[in-house]
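Please keep the sequence and the three-dimensional view at hand while reading.

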Amino acid sequence: MSQHTALRHARKAAAALVIAAAAFGLTACQDGAGVKSAPSTSAVAGGRQSAEATVKQSQAPGKSAPSGTPKKSGEKCTNQIDYAGDPRSNAEINSIGEDTGHCPAPKKPAPGPKDRATPSGTPKEAGKSCTNQINYAGDPRPNAVINSIGEKTGYCPPVQHK
């Protein structure tokens, strides 16, 4: 095989690797996870290694790429990002940043008793839509909206009048 052909195969393998890394990065970002860096695209052994083998080698078993914002050198995560309401301690947040090199995304606090209040309305009967359970004549909302509220909350919303 000529050197030109080997170079062409190496380029194709590198291109496939870049595409695979980009697809992996996009998939990971959809769940809020970030990718620290893309795998190397350099060709090895004359370009005969496949892109799939390179991707498999770059992923350590049982470990995922750190997620969150890259930590600035010499700065604590709690000074870099607003963690107001995060249930974790500052020490825990900062140690995650030190260990991974990435500041974790802020977590929302657990809902309190006030947040768990019973929704207003009538309890939804099993197997029955709200619009078949209550007369919503004159309510400006579409039946689909009324019924979806009942499905989400378990309570049929009160009738609204124009």
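Predicted model: local features only at pLDDT ≥ 70, side-chain atom pairs only at ≥ 80, totals over all residues.

**Helix H4 and its surroundings**

The buried residues of helix H4 pack against helix H3 (77-80) and strand S2 (102-103). Helix H4 itself spans residues 90-100, and its buried residues are Ile93, Asn94 and Gly97. Around the helix axis these residues cover an arc of only 95°, and they therefore lie on the same side of H4. Just after H4, Gly101 adopts a positive phi of about 80°.

Attention may now turn to helix H6, which comprises residues 143-153 and in which Ile146, Asn147 and Gly150 are buried. Viewed down the axis of H6, the buried residues fall within an arc of 95°, so they line one face of the helix. What covers these buried residues? Their cover includes helix H5 (130-133) and strand S4 (155-156). Exposed residues, in contrast, are found on the face of H6 turned away from the buried side: Ala144, Glu151 and Lys152. Just after H6, Gly154 takes a positive phi, with a value of about 85°.

Lys124 is located in the loop between strand S3 (122-123) and H5. Its side chain makes a polar contact of 3.1 Å with the side chain of Glu151, a residue that belongs to the exposed face of H6. When residues up to four places away in sequence are not counted, Lys124 touches Cys130, Gln133, Gly150, Glu151, Gly154, Tyr155 and Cys156. Among these, Gly150 is one of the buried residues of H6, while Gly154 is the residue with a positive phi just after that helix.

The description may conclude with the chain as a whole. The chain contains six helices and four strands, and along the sequence they follow the pattern α-α-β-α-α-β-β-α-α-β. How many of the residues count as buried? Of the 162 residues of the chain, the buried share is 23%. Among contacts with a separation of 6 or more, 44% are between residues 24 or more positions apart. The chain exposes about 11400 Å², of which carbon and sulfur atoms supply 55%.

Technical notes
Residues numbered from 1 in each chain as written. Heavy atoms only, no water. Buried < 20%, exposed > 50% of the residue type's maximum accessible area, 1.4 Å probe, protein only. Helix = DSSP H or I, 4+ residues; strand = E, 2+ residues; numbered from the N terminus. Arc of directions from axis to C-beta. Contact = heavy atoms within 4.5 Å. Polar contact = N/O pair within 3.5 Å; in protein donor to acceptor, adjacent residues only side chain to side chain. Areas by Shrake-Rupley, 256 points an atom, 1.4 Å probe, with all protein chains shown as cover.
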